[in-house]
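Subject: Structure handover

Dear colleague,

Please find the structure below.

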Amino acid sequence: MTFPLKSPNPAAKYRAVFRCISGCPGDYPLNEIIYQCPKCQDLLEVVHDLDPLRMTPPEEWRDVFDSRFMRTFWPYGSGVWGKKEFVCPDVLDENIVSTCEGGSNLFWAEQLGYRWGLKDLWIKQCGNSHSGSFKDLGMTVLVSMVKQMRHEGKNIPAVACASTGDTSASLAAYCATAGIPAIVFLPKNKVSSAQLVQPLAHGAITLAIDTDFDGCMQIVKEITGRNNIYLANSMNSLRIEGQKTISFELCQQFDWEVPDLIVIPGGNLGNVSALGQGFLLMKAVGLIDRMPRIVCAQAENANPLYLSYLKSFNEFDSVPAKPTLASAIQIGNPVSVKKAIRVLKRFNGTVEQASEAELAEAAAEGDLTGLYNCPHTGVALAALKKIIRRGEVRPDERIVVISTAHGLKFTSFKTRYHTSEYKDIECRFANPPIEVHATYDAVRNALFRSLDARNAQISKA
Ligand SMILES: *Cc1c(COP(=O)(O)O)cnc(C)c1O
Ligand SMILES: [Zn+2]
């Protein structure tokens with residue numbers, strides 16, 4: 001299939017480098033194996049040269065993006081690579097490892113909005129992706145760069161990550177797509193069975209380690225630091241570059257209008273940083289002219305950013321992360337905390353937390369209105385509900401909740417909720433199957449009893 005693919009200004013030479021987030025001098029090319037500033041050990045970030053990006057006017061960029069979005073011209077149909085010039089300009093198209101990530105549905109949450117008194121509530125379904133989470137958006141960039149570096153002759157025999165379940169699933173999928181060996185470090189018995197099976201199925205070397213995520217992170221840093229194995233965790237800011245296309249895609253899906261408020265769950269805090277970076281870059285080249293408010297939502301059991309927010313971000317202390325149903329954000333020592341705080345300060349940002357009961361009820365209430373939420377999206381929904389109760393949003397504000405993983409990865413969480421197995425949770429929306437004898441009368445009676453109960457509920461509401 002051919003169609004006129006719009007191109008940006010052919011004279012522009014796009015350029016991006018790694019730079020220290022604390023301002024140490026020095027630029028490092030994106031195809032160098034480097035994760036931290038050699039001078040101060042702080043994180044690096046990808047900085048784009050704005051001049052060549054500004055050589056194409058914003059209206060033309062919008063046309064370029066729209067001409068590519070979800071079409072078949074490799075690799076630009078991908079939601080990430082359709083913004084290649086803003087993401088990772090140097091990687092050759094032939095080295096790109098893509099599963100056509102991005103392009104996820106922006107779900108109008110009409111029913112949930114109605115229940116919560118909002119007219120313009122949307123859920124960005126980032127979990128509806130190749131490996132079932134938003135991690136694909138960043139992983140495509142990282143694994144593409146690995147393929148490019150191997151192509152250039154660099155000795156990278158494998159790529160490794162520590163994970164709370166979704167990073168490893170995504171890394172394993174992209175490495176399998178590219179034919180590159182993957183190694184994943186998982187906290188033993190702390191990821192869902194779907195998340196454990198994913199890297200196994202993709203042939204990744206899978207280590208189940210007797211510690212938590214923060215412990216796995218320590219080990220993978222040492223392994224990748226002392227051996228020539230490439231580190232795929234989000235301290236590697238190539239991933240942030242891909243994830244930041246969430247912001248581009250949101251604006252594109254709203255015909256380049258900026259939403260008023262975005263709620264996003266946070267664990268290692270790479271995603272909230274990426275969200276902010278995306279908006280800053282769009283503003284810098286004139287693609288948008290205002291900024292949204294950002295709310296980062298944490299599980300109460302793993303809430304170091306929330307605690308820091310209560311002290312106006314003047315101090316930050318890591319915490320031991322307690323078990324939470326939102327297992328992908330059970331992180332007490334988030335790698336990207338400095339980036340996240342910087343973003344929240346620039347976006348009039350707040351942090352909210354959700355208890356186990358609050359996140360489970362909010363996820364279930366969302367499901368009841370047509371979604372199929374993971375517990376982390378439940379954290380974001382619960383945070384939104386608290387903010388609404390406090391009167392901090394207007395009913396007509398355009399609000400987007402970032403949904404991070406597919407609910408199908410968390411079947412046991414949902415099964416246990418609907419059979420009211422959680423002792424400390426009321427399970428207000430539990431809807432267990434009705435067991436009934438195989439006769440007309442028994443079925444009819446059971447059926448109408450349930451319908452009556454439901455109608456009574458609706459007239460009460
Ligand atoms: C990774 C992940 C998060 C948290 O993202 P961070 O960048 O670590 O803050 C939230 N939800 C799900 C499902 C995830 O996999
Ligand atoms: Zn530095």
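Helices here are DSSP runs of H or I with at least four residues, numbered from the N terminus. With that numbering, α17 gives the largest share of the lining of the largest pocket, seven residues. Please keep in mind that this is a predicted model.

The pocket

The volume of the largest pocket comes to about 920 Å³. Its lining is made up of 21 residues. Nearest the centre of the pocket lie Arg-115, Leu-368, Arg-454, Gln-457 and Ile-458. Two or more lining residues come from each of α4 (110–116), α14 (356–368) and α17 (440–460).

The zinc site

Which protein atoms hold the zinc ion (ligand 2) as donors? They are the SG atoms of Cys-20, Cys-24, Cys-37 and Cys-40, lying 2.3 Å from the ion. Along the chain these donors follow the spacing C-x3-C-x12-C-x2-C.

The arrangement around the zinc ion (ligand 2) is tetrahedral because the four donor atoms subtend angles of 104 to 114°, and four donors count as tetrahedral if all angles lie between 85 and 135 degrees. For reference, the ideal angle for four tetrahedral donors at a metal is 109.5 degrees.

Cys-37 has a relative accessible area of 1%, so it is buried. Cys-40, with a relative accessible area of 33%, is partly exposed. The cut-off for buried is under 20%, and partly exposed runs from there to the exposed class at over 50%.

How many disulfides does a search of the whole structure find? The search returns zero. Cys-296 is in no disulfide, and the nearest cysteine sulfur to it, that of Cys-374, is 14 Å away. Cys-427 is in no disulfide either; for Cys-427 the nearest cysteine sulfur is also that of Cys-374, at 17 Å. A disulfide would need the two sulfur atoms within 2.5 Å.

Are these two cysteines, Cys-296 and Cys-427, buried or exposed? Cys-296 has 0% relative accessibility and therefore counts as buried. Cys-427 counts as buried too, because its relative accessibility is 6%.

Domains

The domain assignment of the chain gives domain 1, covering 106–132 + 239–418, and domain 2, covering 433–461. The C-alpha centres of domain 1 and domain 2 are 36 Å apart.

Regards

Definitions and conventions
Residues numbered from 1 in each chain as written. Chains lettered and ligands numbered in written order. Predicted model: local features only at pLDDT ≥ 70, side-chain atom pairs only at ≥ 80, totals over all residues. Heavy atoms only, no water. Buried < 20%, exposed > 50% of the residue type's maximum accessible area, 1.4 Å probe, protein only. Domains from an automatic or database assignment. Donors = N, O, S within 2.8 Å, 3.2 Å for Na, K, Ca; no water. Tetrahedral: all angles 85-135°; square planar, octahedral: opposite > 155°, others 65-115°. 1 Å grid on protein atoms, 1.4 Å probe; cavity = no way out; pocket = protein on both sides within 12 Å on 5 of 7 lines; lining within 4 Å. Points joined across faces, edges and corners; volume = space filled by probe spheres on them.
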